[in-house]
Structure formats: C-alpha cells, structure tokens
Amino acid sequence: MRTKLKLADDLSLPIEAATESIAFLGRKGSGKSYTAHKLAEEMHRCGIQFVAIDPVGIWYGLRLAADGKSPGLPIPILGGLHGDIPLEATGGALIADLIVDRGVSVVLDVSQFESDAD
C-alpha cells in the first residue's frame with residue numbers, strides 16, 4: 001500500500017494530506033491544473049475518493065494518459081461538453097447521495113452552467 005502521494009520526482013505528500021485543504025496558487029500557465037490533476041491521479045491510485053468541481057471544462061483529461069491517446073482514469077464525468085450524463089442545477093442532492101453512498105470519485109463539470117446560482 002502506498003504511503004505517499006507522489007506529485008513529482010522531488011515532491012511527495014504524506015497520504016494524510018488527502019484529508020486536508022489544499023490550494024494551488026500561481027500565475028496562468030504555471031502548472032496549477034497539472035499539479036491538481038496529478039494529485040487526483042495519485043489519490044485514485046491509493047484508493048482515496050475525490051470529487052473535482054471543474055468550472056472550466058478541462059478535468060475530462062483525467063480519462064487520458066499522458067500521451068493523450070491511451071486510457072487514463074476510469075472516472076465518471078458529470079456535466080460539461082465531455083460528460084457522460086448532463087449535470088442539472090436541480091440535481092445536487094441526488095448527485096451528492098450517489099457520490100457518498102457509492103464512494104466513487106467523480107468530476108463535476110459545471111463549465112456549461114449559465115450562472116453562478118446554478
């Protein structure tokens with residue numbers, strides 16, 4: 001069983017970091033999304049559930065390996081242009097129950113919502 005979340009050759013976090021609040025801050029193009037994706041991949045490899053709320057529609061990329069062609073993580077994408085099923089603004093309670101009851105990791109792509117209220 002893995003005890004570290006390896007983000008890079010020279011950067012690992014203790015597995016307990018998965019239960020902490022983590023923020024990635026930096027300038028545009030500095031690797032924030034890449035690092036967050038890497039953390040999600042490591043959590044998946046360690047069997048740790050995660051939920052990614054995707055406001056810009058890029059997290060579907062978790063389904064692809066680094067070469068952009070081979071399969072990546074077998075994770076459901078709800079909502080967005082690449083989603084398996086639409087994500088309705090009124091379905092929050094149903095989705096939350098599904099995620100909690102099944103213990104699945106999931107991407108919630110809200111990039112196509114029309115307003116912040118949705």
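How many residues does helix 1 have, and how far does helix 1 reach from its first C-alpha to its last? Select residues 32–45 to find out: helix 1 has 14 residues and reaches 20 Å, close to the 20 Å expected at 1.5 Å a residue. Keep in mind that this is a predicted model.

Stay on helix 1 and colour its buried residues, which are Ala36, His37, Leu39, Ala40, Glu41, Glu42 and Met43. Just after the helix, select glycine 47, where phi is positive, at about 75 degrees.

In soluble globular proteins, nonpolar side chains tend to be buried together. The largest nonpolar core here has 16 residues, and Leu5, Phe50, Trp59, Leu62, Ile75 and Val107 have the most contacts inside it. Strand 1 and helix 1 are the elements that give two or more residues to this core. Helix 1 gives the most, with four residues. A second, separate core has six residues, among them Leu78, Leu87, Ile99 and Val106.

Go back to leucine 5 and show what lies around it. Beyond four places in sequence, leucine 5 touches residues including Leu39, Glu42 and Met43, which are among the buried residues of helix 1.

Last, select proline 55, in the loop between strand 3 (51–54) and strand 4 (77–78). Is proline 55 buried or exposed? Proline 55 counts as exposed because its relative accessibility is 56%, and the cut-off is over 50%. Leaving aside neighbours within four places in sequence, proline 55 is in contact with Val110 and Ser111.

Terms used. Residues numbered from 1 in each chain as written. Predicted model: local features only at pLDDT ≥ 70, side-chain atom pairs only at ≥ 80, totals over all residues. Heavy atoms only, no water. Expected span 1.5 Å × (residues − 1). Buried < 20%, exposed > 50% of the residue type's maximum accessible area, 1.4 Å probe, protein only. Core = buried A, V, L, I, M, F, W, Y, C linked by side-chain atoms within 4.5 Å. Contact = heavy atoms within 4.5 Å.
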